[in-house]
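Hi,

Here is the structure I promised to pass on.

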Amino acid sequence: MIVTSRAFAKLNLSLDIVSRMDNGYHNLKMVMQTINLCDEITIECLSGGSGFSVVAGLPFLPHDERNITVKAAKIFFEHTGISGFHTKIHVVKNIPVCAGMGGGSADAASVLRMLNELFETDLDSDTLRSLGLLVGSDVPFCINGGTALAEGRGEILTDLPPLPLAHFVVCKPHFSCSTPQLFSLVHCEKIRARPDTSGLIVALKSGDLGGVARRMYNVFEDILPRGKSDVDEIKGVLLDLGALGAVMTGSGPTVFGVFDKENSAHNAYEHLKPEYKDTFLAHNT
Ligand code: C5P
């Protein structure tokens with residue numbers, strides 16, 4: 001039994017940290033958007049065996065049970081009680097890792113969806129999302145994707161009207177951010193500026209791409225301990241070259257600009273690519 005699927009990256013059109021929970025996680029309010037940049041996952045389940053093997057392309061990604069795709073597969077098999085298979089997972093990584101683009105979460109969500117399909121287990125979206133939350137906070141969103149408001153840890157999801165067609169230029173600075181480290185620097189009471197999430201949602205409802213782009217904001221940008229100048233510089237280039245708005249996604253450090261004109265997006269891409277190899281042109285799906 002073998003199946004192949006694509007795992008789409010996400011961008012945060014906004015990210016607000018509302019409060020700290022007693023369990024150490026944070027209450028978030030984020031508008032999330034799936035884009036067409038994707039990893040490709042192939043799963044093969046061989047009957048009569050057990051355990052997992054992973055080929056993940058990048059040498060620094062774990063190839064054992066620490067790999068996020070294996071965590072997702074283990075949770076699926078534990079939940080369904082299915083056993084007696086060796087599971088081979090092959091990941092072609094196109095989404096930059098540790099970038100704030102939900103690459104690992106998208107891969108985990110795809111594995112849950114694909115195993116559900118392979119074994120015809122008919123788990124509904126809510127169940128897949130609950131299983132996904134056991135893997136990571138962004139996995140529930142990645143199960144269905146689209147345009148959504150994510151609250152709580154990220155698992156309380158409200159579908160939003162789709163973003164009008166946008167051209168994204170996505171650019172990862174040269175440094176990486178540790179999500180837990182960045183969260184540990186957050187003092188909710190000291191956050192000085194927050195996104196206008198309800199204004200952003202009103203703009204989405206009226207199909208106003210410029211209104212959405214102007215309201216994009218990520219509170220993590222004020223918390224970045226280092227590399228902030230890179231982020232600001234990339235944002236400046238994107239805005240100078242015609243982006244309607246530019247912001248960092250997730251816990252960073254990737255920055256993206258929203259363009260309504262494809263040729264302006266292409267021009268910004270050409271400008272940034274020589275300096276930043278992880279620069280991509282993308283659009284919403
Ligand atoms: O859930 P996930 O494993 O993706 O989270 C990684 C880390 O990010 C957590 O260990 C936690 O430190 C932080 N986090 C948080 N609040 C959230 C999501 C993540 O504090 N809502």
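First, some ground rules. This is a predicted model, with local features needing pLDDT of at least 70 and side-chain atom pairs counting only at pLDDT 80 or more, while totals for chains, interfaces and linings use all residues. Residues are numbered from 1 along each chain as its sequence is written, and side-chain values use heavy atoms, with hydrogens and water left out. Helices (H or I, at least four residues) and strands (E, at least two) are DSSP runs, numbered from the N terminus.

The ligand

Where does the ligand sit? You'll find the ligand in the largest pocket. A pocket here is an open set of points on a 1 Å grid over the protein atoms alone, where a 1.4 Å probe fits, with protein on both sides within 12 Å along at least five of seven lines. Sitting in one takes more than half of the molecule's atoms within 2 Å of the pocket's grid points.

A polar side-chain atom of S137 is 2.5 Å from a ligand oxygen atom, and a polar side-chain atom of H26 is 2.8 Å from an oxygen atom of the ligand. R153 uses its backbone: an N or O atom there lies 3.1 Å from a ligand nitrogen atom. The protein covers 73% of the 450 Å² of accessible area (Shrake-Rupley method, 1.4 Å probe) that the ligand has on its own.

H86 is in strand 4. Why does H86 count as buried? Its relative accessible area is 19%, and buried means under 20%, exposed over 50%, and partly exposed in between (1.4 Å probe, protein chains only). The side chain of H86 makes a polar contact of 2.9 Å with the side chain of S53. Such a contact is a pair of N or O atoms within 3.5 Å; within protein, one must be able to donate a hydrogen and the other to accept it, and residues adjacent in sequence count only if both atoms are side-chain atoms. A polar side-chain atom of H86 also lies 2.8 Å from the backbone oxygen of S50. Leaving aside neighbours within four places in sequence, H86 has contacts (heavy atoms within 4.5 Å) that include E44, C45, L46 and F52.

Y269, in helix 9 (residues 262-272), is buried too, at 18% relative accessible area. Not counting residues up to four places away in sequence, Y269 touches V169, T279, F280 and L281.

Which residues does a cis peptide bond join? They are G252 and P253, with omega about 5 degrees. P253 is in the loop between strand 9 (245-248) and strand 10 (255-259).

C98 is not a glycine, yet its phi is positive, near 50 degrees. C98 lies in the loop between strand 4 (85-92) and helix 2 (103-118), and is exposed at 51% relative accessible area. D122, also not a glycine, has a positive phi of about 55 degrees. The loop between helix 2 and helix 3 (125-135) holds D122, which is exposed at 73%.

Cheers

Terms used: 1 Å grid on protein atoms, 1.4 Å probe; cavity = no way out; pocket = protein on both sides within 12 Å on 5 of 7 lines; lining within 4 Å.
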